[in-house]
Amino acid sequence: MKNRLSVILLALFITMSLNTSALAHFGMLIPSDSMVMQGEDKTVHIEASFSHPFEKVGMPLVKPAVFNLQTLEKTRDLLPQIKSTKLMGHQAWELNYKINRPGVYQFYMEPQPYWEPAEDCFIIHYTKTIVAAYGDEEGWDKELGLKTEIVPLTRPFGLYAGNSFQGIVKLDGKAVPYAEVEVEFYNREGTATAPSDYFITQVIKADANGVFTYTPPAAGWWGFAALNTATEKISHNGEEKDIELGAVLWLEFLSWQSK
C-alpha cells in the first residue's frame, strides 16, 4: 500500500510539474487603449508584467532595465515615471501617459534577466506595444533596433478579430529564418476556456525570410513571442546558463460590428 501511494504521489507531482513548465512566458505591455481618438480620454494607462496570460499565472517583474517610448521624432525615457503595482498577485509596473499630439507611439521595455528553474535558463523578453493617436499612422512599421523584435508588416492597430497579422522576426537587426513564434490570448476576464492544454499557446513558425502570419479567432489582446537563444550566457550558481531571448509584441483585435 505504501509503495502504491508513493507511485501515485510521484505521478501527480510529475503531472503538475509538466503542466507548470508547459505554460508559455510572456512579457506584457497592455495599454488601456490602442487607438486614441478625438474626444476620448487622452491618458493611456499601461500595465507592465510578466506572466502566462491565458492562464493568468503571474511571475514577479522587477523594475525593468529600460522602459521607453519611441515616436517618429524622438525616444523618451519613461523609466522614472513607472510606478510599482501588483498584477496576478505579483510585482508589476504601471504608467499613465497623456497623448496630446497625433502620432504612432511605440512603448517598449527591456526587463532584467529572469531565472526560470523549470527551463534551466534565463529569460529576457523585449516587449513592445503600439498606440495610434488622432488618425495619424506614419511610422507604424518603424524598427526600434532592439536586440530582438517583431517588426509589423500589417498595420498594428485598427485590427478586427479575423484579420491576419504578419510580422518579421529580427535578431541583431537581421531576419530570423524559421523562427518559432508563440501566440497567446490575454484572458483578462478569465472567461475564455481551452478545450485542452494544446490550445492555450498557439505555435507557428516563420518562413525562410523570418515572416510569420497569424489570424486571431477572437477579439481582445493577443501576444506574439518570437523565441531565440542568445549566443552569450549568464552565470548562475557558478554555471553558465542559456538566455532565452523573446521578441514580444502585444496587439488589440476588435470585434466586427456591422449595422
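Visitor: Which residue forms a salt bridge with Asp120?
Guide: In this predicted model, the closest N and O atoms of the pair are 2.9 Å apart. That lies within the 4 Å cut-off for a salt bridge. The partner of Asp120 is Lys241.

Visitor: How many residues apart are Asp120 and Lys241?
Guide: Asp120 sits in the loop between β10 (114-116) and β11 (121-133). Lys241 belongs to strand β21 (residues 239-254). The pair links distant parts of the chain, and the separation is 121 residues.

Visitor: Is Lys241 buried or exposed?
Guide: Buried means under 20% relative accessible area. Asp120, at 40%, is partly exposed. Lys241 has a relative accessible area of 10%, so by the cut-off of under 20% it is buried.

Visitor: Which residues are linked with Lys241 in a network of salt bridges?
Guide: Lys241 also forms a salt bridge with Glu239, with the closest N and O atoms 3.1 Å apart. Glu239 is partly exposed at 47% relative accessibility. The residues linked with Lys241 in the network are Asp120 and Glu239.

Visitor: Which side chain meets Arg155 in a salt bridge?
Guide: Arg155 lies in the loop between β12 (148-152) and β13 (159-160), and its partner, 18 residues apart, is in the loop between β11 and β12. The N to O distance is 2.8 Å. The side chain that meets Arg155 is that of Glu137.

Visitor: What is the relative accessible area of Glu137?
Guide: Arg155 counts as partly exposed at 30% relative accessibility. Glu137 is also partly exposed, and its relative accessible area is 34%.

Note on methods
Residues are numbered from 1 along each chain as its sequence is written. This is a predicted model: local features need pLDDT of at least 70, side-chain atom pairs count only at pLDDT 80 or more; totals for chains, interfaces and linings use all residues. Side-chain values use heavy atoms; hydrogens and water are left out. Helices (H or I, at least four residues) and strands (E, at least two) are DSSP runs, numbered from the N terminus. Buried means under 20% relative accessible area, exposed over 50%, partly exposed in between (1.4 Å probe, protein chains only).
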